[in-house]
Structure formats: structure tokens, C-alpha cells
Amino acid sequence: MTRNLAASVRDRLKQHADAANEDFNLTLTRYGLERGDSRSRLPPLLKVADEHARRSTLQCPAAGGAMNAAESFRDRSFLVVDPDARIRRPEDLMAFALDAGGRFQTIPKGTQVRIDAVKVVETGSRSNIVFGHATSVNGNRLFGWTSTRNLEGKFMNETIGAVSPAPGASRFGPNAAWARGSFLGQIELAAIVDAKLEIERLALSTIEPYAALVAAAARDGVLVTLNSGFRSYPEQKHLHDGFERGLPGFNTAARPGLSNHQNGIAFDIAVPGGDGNPTYEWLKKHATRFGFVRTVSKEPWHWEFDVDRARVALQAGTFMTPNVTA
Ligand SMILES: [Zn+2]
């Protein structure tokens, strides 16, 4: 890197260290700067310090303006596609609101709505329903709470709120980032609706590039959705333990501390069947232009946001890093 860039990286790391109330030398060690190895993981993680200051408003080139990274639903309106889009009771979202005649209140199919608030109701250990508070697009008419599954797209890929580190959180906490076996620090996350309408988390710093990828695919009529994003240390340990014990439903999973799902650059994208799957075929052609590259053998779903390695792959006419053999 050039001298100026190195200086600016050090400045921003210093801000990051100050914000985290952490010894600056320790921060430098964590980012591997003494080893002259600042190239590969640095940019996305460095952005975290900025985002603390700017909160969640990012410039999204794909959307042509400011993007609310942590609450993307605020940037759009949604078409009601369910013919029976029932309104819920505000005091109990699992119950339906009735009109004076005792009939279910609904939002007519074909109505375009805005969502100005979101609530998640857990309906099981991994299942939940995301409810949205709907108004007319001009805001003049209030409809009320309804399931976002009644809306076109079912809220897939919408971010529904920032997840910030708790004061004093540990290296095993929900926001703790790791790479190559080292704890990096606490990072800002946002909750996002995944391919199964469950809630995943992404590093706030990687939401803008992911949203650009999703938007470009959508313009080509292809749906890019998420199966897994950021994982905490205990979550990665759970997956690794299940894999080691050969439990059903567990895929290959790196040892805790070593997975790039623990620092925000790894995305498991729904590409059932791999080759021939329309989403996978689209990613093979276009993902590297958006900074995403396939990095793990036999895992067509696992893509990483790594601008440098994606550029190398693009220039080599491939979509994978050299270690990927299948
Ligand atoms: Zn993965």
C-alpha cells in the first residue's frame, strides 16, 4: 500500500481503538499490521469505525442515493400480494383485528404500502414472524400491523434493525468478530430476513455490497437470498461440533475462531444443487464484479466479500480463489 494510505489506515485504526477503548498496539496486532499483512481483510472491517460515527446511513451506488443500511425497508414501498392480508391487533400481533361487524380487517390485494416499524414475534427456537406496521405510500392512511409475508418478496433480504455490541461484551459475545483464530473486536451488525424467512445477521459494513449484488441480480430476474451470514463464536462452535459428530443437517464447518462467517465477509447464498441453479449461474458470471468470490471447495453456496481476491479472480476469468478445486 502507498505511504498515504498506510497513514490513513493507521489513523482510522486509532479511531477504532479509541472508540472501543482498546490499546492501540493491541489493535495493530489484531489487524496484523506489524506482519505487513494488512491487505486482505482490512477494508470491510475498517469501515466499522466510520459506521459508528455515521450510524446506519450509507451511500448505496446501486440505489442511486442514501441507503438505510440497518433498516432497508424504510427506503421502499411494498405491494400487498396476499388476497387475505389480515391486520393484527396492536396489543397481540398473533391475534387478528376485527371490524365492527366482526369480520377480519384486511389490506386489499394490490395496495402499495410503506412500512414504518417492524416487530419480530418468535414462534419457535429458530422460527419467527416479521410484522410490519403499514401505511399508505403518502402516509395519509394507517392500515396497521400485518405479516410481511403478505407483501411481495416476503421481506427477504430486508434489514430490520441494527444489532449493536453491549457494553463490556466479551470475545464470545454476539457481536465479537474473529479471523484466523484471533479476536478482532466488536462490530456493528444488522438483522436481515433470510431465504427461509428466518433472521440472520450481517456485518453492517458488508450490507451495502450485498444489497448491490441482490439488486443487480433482481434486475436480471434472479433472486439472491441468504442462508447464513455473521456467526458468533458459540454459533460457529455449535455448527463445528455438529459436523464433527456427524449429526444430520450439519455441513462442513470450520473450527470456531477460524470461520470468515465470524467477521462478516462470508455469505452462504441459497443455490440448491449448485451448477445449473439460476442463482449460482448468475453469481458465476457477475459476483466478482461486486467484490464477491467463491473461496471454499465443494461449497458453491459460500461466497466472500473480498474485493482484492474477487478482482484477481475476475482478471483470471474465474469466480473462485485458486484453492477451490471443486
Ligand atoms: Zn459458509
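This is a predicted model: local features need pLDDT of at least 70, side-chain atom pairs count only at pLDDT 80 or more; totals for chains, interfaces and linings use all residues.

Which residues does Leu239 touch, leaving out those up to four places away in sequence? I found Phe250 and Ala253; contact here means that the C-beta atoms, placed from the backbone, lie within 7 Å. Residues are numbered from 1 along each chain as its sequence is written.

Leu239 sits in helix α5 (residues 233-244). Helices (H or I, at least four residues) and strands (E, at least two) are DSSP runs, numbered from the N terminus. Is Leu239 buried or exposed? Leu239 counts as buried because it has 21 C-beta neighbours inside 10 Å. The cut-offs: buried takes 20 or more other C-beta atoms within 10 Å of the residue's own, exposed takes 12 or fewer, and partly exposed is in between, with C-beta atoms placed from the backbone. I also looked up Asn251, 12 residues from Leu239 along the chain; their C-alpha atoms are 7.8 Å apart.

Next, helix α4 (residues 207-219). After α4 comes Gly221, with a positive phi near 75°.

On to helix α7 (residues 307-315), where I noted Arg309, Ala310 and Ala313 as buried. Down the axis of α7 these fall within an arc of 100°, so they line one face of the helix; the arc is that of the directions from the helix axis to the C-beta atoms. Part of their cover is β18 (292-294). Gly317 follows α7, and its phi is positive, near 75°.

Then the strands. β12 (residues 176-179) and β13 (residues 182-186) run antiparallel and are joined by four bridges; strands pair if DSSP finds at least two bridges between them. Trp178 has Phe183 of β13 as its bridge partner. Two residues lie between the strands of this hairpin, and Arg180 has a positive phi near 50°.

Last, I traced an open sheet of three strands, ordered β11-β14-β15 with antiparallel pairing. β11 (159-163) and β15 (199-203) are the edge strands, each pairing on one side only. β11 pairs with β14 (residues 189-193) over four bridges, and Thr159 stands opposite Ile192 in β14.

Key:
Two residues are in contact if their C-beta atoms, placed from the backbone, lie within 7 Å.
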